[in-house]
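Good morning, and thank you for joining.

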Amino acid sequence: MAAASQEQRYRTLIELGIALSAERNHNRLMEKILLGAKSMTNADGGTLYLVTEKKDALKFEIMLNDTLDVAMGGTTGKPIPFPPLRLHDDQGVPNHKNVSSYCALSGTTVNITDAYDVDKFDFSGTKAFDAKTGYRSKSFLTVPLKNYENEVIGVLQLINARDAKNTVIAFGPDITPLIEALTSQAAVALDNQRLIEAQKHLFKSFIQVIAGAIDAKSPYTGGHCNRVPALTAMLAKAACDQTEGPFADFDLTEDEWYELEVAAGLHDCGKVTTPEYIVDKATKLETIYNRIHEVRMRFEVMKRDAVIDYLQAVIADEKPEAELKAEMEARLAQLDEDFGFVAECNVGGEFMAPERIERLKQIAEMTWVRTIDDHLGLSIDEMKRRKPDEPKPPVVEKVLADHDWHIIPHEATIDWSRYDEEGFTMKPCANKYNQGEIYNLSIGRGTLTAEDRFKINEHITQTILMLKALPFPKNLTRVAEWAGGHHEQMNGRGYPKGLMREQMSDPARMMAVADIFEALTAADRPYKKPKTLSESLKIMSFMVKDAHIDPDLWVLFLQSGVWKDYAEQYLKPEQIDDVDISKYLPKAAP
């Protein structure tokens, strides 16, 4: 190939500058730099080094040689077998014998006409290579890559410039400034790329910190925030691999993969606003602690009152002692039985049928006498909910009650209009919390009140609001939508927006599938036994029939084997049982 004219070289330099500024892939960038320099000089070969992170050596990034048909590093996928070139020896003496390390240390360009006629640099390794391969290394042009701070971040070395007849010649003085200009542009492009990658790495690390903090808040979530992104990526990869069917045209660009990674990593970031005592509410009376202990003490007081009443009646000789004792023992036994019922209601393991609620209300009517002022030792917030005209002790109180001060209102600073602006269909309860004892003990199923349930579900609205508050760049504009849809259902009965299937993007629906499967198979939830693969898939098959899960993604999830790949990485061996996916796939039309 003939050497390019000076005009062509200038044109090439400009075109390369534009291309380098637009290239975001590291390997392709390295390749463009070296190929561009080779083209401008018609060099037979070349090597691009980068200074290591410790700044103690030059690491081989890409090597090319036309005559020897060598192509290593860069986009070739072939590793370069040579160790980095050290910039100093063990005593810290600068390595000025190697031309590349000298170039990096001095920051100056070195143009050598013939390596075999140079004494300043040690080319013994080059000569040994030539002797082994039959190659003749002659002219060398070694140029430093300097960033905007004038710091050397790499070295470009070209070997054997050629003329129009492919005869090896020296690198002319006219080409050196152009290659220096190219390396300057390359250094800027490389530095920009490094800064972008550093920002990405910082953001990814921040996401991992947030996810780790959310999981650490509660043992009920465990590694959820790390496993859901992994499963989402596996499902998205399966969709990208499809060549036919509903996902034949589905694909993700490099930017979209990053966008999905960010969205999945932050899909539950709103949980930082959810109190762990709500997420971890194991009994109906639990707040920051289990209030059954207060109720138990009231029953203890009533039992002691029963004993005192018995003793006083004996002293007053009101009835025969045996009759009084029998009444006392019956009373104590009844109190034990009544408290046992209240304690059973508190656990939330049995459905609260109307007759159970009625008995609870009857027990609540029993009274005990409080002789100590219950305003003492309260916090400022608690005192705000108490009335100044409440009766002073001694006070006869019911053993269970729903007091006014059990109601905790929403903060006045909350702007609920944002819910309407964002299209959230889930609406807040009248109050933030209701800690009424009868109210909580009467919960029909489980341990959560409507207020508790809203507070837990609110994590998704907070996720969306938090993500929308971040000034995401153009390539991350869909993070909030992708992350905020994993609790929506295909039938419009999900939350927070009640979206229908056609209103949701593929990544959002993928995240919903991943979130459900992870929750079913999670082995680090102390409140439930981890389900097996067959149990989990069976439950999800019912969810597909009820239009909770996207049917096309369900088929992809099964047929691609994503469920199995995930299980082998994240499930315990005892959870992985035999599964016949044909039972869960839609039946073909006759």
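A word on the source. This is a predicted model, in which local features need pLDDT of at least 70 and side-chain atom pairs count only at pLDDT 80 or more, while totals for chains, interfaces and linings use all residues. Residues are numbered from 1 along each chain as its sequence is written, and side-chain values use heavy atoms, with hydrogens and water left out.

Let us begin with strand E7, residues 152–162. Helices (H or I, at least four residues) and strands (E, at least two) are DSSP runs, numbered from the N terminus. Eleven of the eleven residues of E7 are buried, where buried means under 20% relative accessible area, exposed over 50%, and partly exposed in between, with a 1.4 Å probe and protein chains only.

Which strands pair with E7? Strand E1, residues 43–51, does so in the antiparallel sense over seven bridges; two strands pair if DSSP finds at least two bridges between them. Here Gly46 stands opposite Leu158. Strand E6, residues 140–146, also runs antiparallel to E7 and is joined to it by seven bridges, with Lys146 opposite Val152. E6 and E7 form a hairpin with five residues between them, and Asn150 in that turn has a positive phi of about 65 degrees. Strand E8, residues 168–169, pairs with E7 in the antiparallel sense over two bridges, and Ala161 faces Ile169. This hairpin too has five residues between its strands, with Asn166 in the turn at a positive phi of about 65 degrees.

I turn to the cores. A nonpolar core is a set of buried Ala, Val, Leu, Ile, Met, Phe, Trp, Tyr and Cys residues joined through side-chain atoms within 4.5 Å. The largest has 53 residues, and Val262, Phe517 and Phe557 have the most contacts inside it. Helix H6 (224–240) is among the contributing elements, and the largest share, eight residues, comes from H6. A second, separate core of 28 residues includes Leu16, Ile33, Ala161 and Ala189.

Finally, Pro507 lies in helix H17, residues 506–521. Is Pro507 buried or exposed? Pro507 is buried, because its relative accessible area is 7%. Leaving aside neighbours within four places in sequence, Pro507 is in contact (heavy atoms within 4.5 Å) with Leu260 and Trp482. The C-alpha atoms of Pro507 and Ala236 are separated by 7.3 Å, although these residues are 271 apart along the chain.
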